[in-house]
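User: Can you walk me through this one? I'd like the helices first, then the packing.
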Amino acid sequence: MGRLGWGGHFGELAGRLDGAFGTDGAFAHDRLRFVDFVDDVEELLEEVARRERGDEEAADGFEEYVLRHYGG
């Protein structure tokens, strides 16, 4: 995210998400638990929703949906 120029918008959250994937694009389970990653992404989406729509509720349900479908 930092390379995309989003680092300034989302502070330390962008830095945390940068480390979630290896150079091959695969999720780095050895560096970050998937549950924590999904929680961080939901926080990011809530911040975007707050900025764009004035309401973080637009991101509600993201974490539950992803964990139910991809969390195993």
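Analyst: Let's start with α2. This is a predicted model. Helix α2 covers residues 34-53, 20 residues in total. At 1.5 Å a residue it should span 28 Å, and its end C-alpha atoms are 28 Å apart, so the two values agree.

User: What follows α2?

Analyst: G54 comes after α2. The phi of G54 is positive, near 75°.

User: Which residues of α2 are buried?

Analyst: F37, V38, D40, V41, E42, L44, E46 and A49.

User: OK, zooming out. How many helices and strands in the chain?

Analyst: There are 3 helices and 0 strands. Read from the N terminus, the order is α-α-α.

User: Which residues make up the largest nonpolar core?

Analyst: That core has 9 residues. They are L17, A20, F27, L32, F37, V38, V41, L44 and V66.

User: And which element gives the largest share of this core?

Analyst: α2 does, with 4 residues.

User: What percentage of the chain's residues are buried?

Analyst: 28% of the 72 residues.

User: Last one, contacts. What share comes from residues 24 or more positions apart?

Analyst: 35%, counting the contacts in the chain with a separation of 6 or more.

Note on methods. Residues are numbered from 1 along each chain as its sequence is written. This is a predicted model: local features need pLDDT of at least 70, side-chain atom pairs count only at pLDDT 80 or more; totals for chains, interfaces and linings use all residues. Side-chain values use heavy atoms; hydrogens and water are left out. Helices (H or I, at least four residues) and strands (E, at least two) are DSSP runs, numbered from the N terminus. The expected span of a helix is 1.5 Å times one less than its number of residues. Buried means under 20% relative accessible area, exposed over 50%, partly exposed in between (1.4 Å probe, protein chains only). Contact means heavy atoms within 4.5 Å. A nonpolar core is a set of buried Ala, Val, Leu, Ile, Met, Phe, Trp, Tyr and Cys residues joined through side-chain atoms within 4.5 Å.
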